[in-house]
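Here are some notes for a first reading. Please keep the sequence and the 3D view open while going through the points.

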Amino acid sequence: SAKYCPILTNHKSMESLFIHLIIRGDKDEHAVLCNEDETYDLKIADTSNLLLFVPGCKTPDQLPDISASPQLVHAQIWGFSNCYWELRRQRPRLKKLKKLLMENPYDGPAVGMQEEAPGPKYTMDDLLERIQASREEIEAHLQNVHACEIDGFWRILDFDYEMKLLGHVTQLVDSESWSFSKVPLSVCLEELGSLEPKSMIEHCLNCYGRRYSNEDGQVIYALDEDKVCRATAQLLLQNAVKFNLSEFQEVWQQSVPEGMSARLDQLRGLALLDRSSKPETISLLRIEDLPEDTLERFNSLFSLREKWTQDDIEPYIQDLCGEKQTTGALLTKHARSSVQNGVKVYNSRRPIAT
Amino acid sequence: MVQIVISSKAGEGPAEWLLVELQGEMVSRQNTGLAGNLMGDLHYTKEGVPVLVVGHHILYGKQVKLEKPFDEEENMETNQENPTSYTVSALIKKKLIFKTRPKPIITNVPKKV
């Protein structure tokens, strides 16, 4: 026999004619409900009231205004319930996506006659089976991590390989004396196609540039200075625990393509500056390496550094904000503020082992 | 991981049902269970106030538009091969809520002699 289960929704889209939702979760995860582009937490709620479901039962506004003879209408109660499911919009749990793809990063086509070394590979359907997020959220995140589809499988590039591809492109731009905003696709594929697969060259351009067409209908890319400089900084920073800030800035500027400006604001969410040490230092701290859960994230940040200014901590907590929540509200909730040397700083509400 | 699909029946959107919310518990007279029994009569006054008569009690309620609509899902039979899936049977956008204390209906009040 059929069982009924009421779900309390909070979104107008649930009223659309064709509903298609999916509940996802592993045995050890809280279930989430996804539509095409959003993810919701599912929580069961109890009520001491009795909820009766009556199909077709009309309310006064739906009944004809006949004051003549009384009408008797039979309505059947289809079912009843004492509990229901509540939906609450949440940010999708996407950290697992990168973790899965990093099991087997792609570092170029197999050499010679060899087959590519075996390793786990995931199609989009595989990812939908494993990740608690909607399809569109997964697709957006795949773009963020510069993943690409190779032979039907979604692959993340090994970082050194990605930098090798970028290096080919920027060296070509330099030798051809092109403007950074006018990099023609066809010439890139022609000149670099012998070094790397054309699909990889094009993927690199898609990741680090904006694609458009010129008056002659040719496909052109405008390289993104911030993305190129940021990636170059990561390449340098991942080689040591800490760098002398001024030395780093010098090397970094020399490493980026000539004509591009390396600026510290390009490194938000990627690197942490320590202006209190002498000399000032800089180290790699990527937001994607930090815990996904809000409490764990704050604990992790406070164990790295006891006191943070809002400006320093903001890039590392921005993604934790709920709908209509500000980072200021998050800090009020999870941290304690004080004033140090005339500057407002935040520290943990609870004792942290450093 | 489990994936449970919820979809509306092909070719049509979900129907609209009414939710009737009562405070307390509904029991059948001789504890024979609720299925198949008559629960009571629902009336509307001229002003549109819902009135429920259950047994010898009368309850006054009101119609409320739900800020957050309910989706009513029907669970289909699961068998070994197919994963569980649900169809949306109905959407509930308003309810009749009966929060006031039920009043006993006294039909025969003896007159003072």
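This is a predicted model: local features need pLDDT of at least 70, side-chain atom pairs count only at pLDDT 80 or more; totals for chains, interfaces and linings use all residues.

1. Start with chain A. Strands S11, S13 and S12 make up an open sheet, in the order S11-S13-S12, and the pairing is antiparallel. The edges are taken by S11(A), residues 243–244, and S12(A), residues 271–274, each of which pairs on one side only.

2. Look next at the link between S11(A) and S13(A), the latter covering residues 281–284. Two bridges connect this antiparallel pair.

3. Helix H7(A), residues 225–237, lies across S11, S12 and S13 of chain A. The angle between H7(A) and S13(A) is about 95°.

4. Now turn to chain B. Here four strands form an open sheet in the order S3-S4-S5-S8, again with antiparallel pairing. S3(B), residues 41–44, and S8(B), residues 103–104, are the edge strands, and each pairs on one side only.

5. Within that sheet, S4(B) (residues 50–54) and S5(B) (residues 57–60) run antiparallel and are joined by four bridges. Val54(B) is placed opposite His57(B) of S5(B).

6. A last point concerns cysteines. Over all chains, the structure has zero disulfides. Are Cys57(A) and Cys321(A) buried or exposed? Cys57(A) has a relative accessible area of 14% and Cys321(A) one of 17%. Buried means under 20%, so both residues count as buried.

Terms used: Residues are numbered from 1 along each chain as its sequence is written. Chains are lettered from A and ligands numbered from 1 in the order in which they are written. Side-chain values use heavy atoms; hydrogens and water are left out. Two strands pair if DSSP finds at least two bridges between them. Contact means heavy atoms within 4.5 Å. Axes are lines fitted to C-alpha atoms, for helices over the stretch in contact, and angles run from 0 to 180 degrees between N-to-C directions. A disulfide is a pair of cysteine sulfur atoms within 2.5 Å. Buried means under 20% relative accessible area, exposed over 50%, partly exposed in between (1.4 Å probe, protein chains only).
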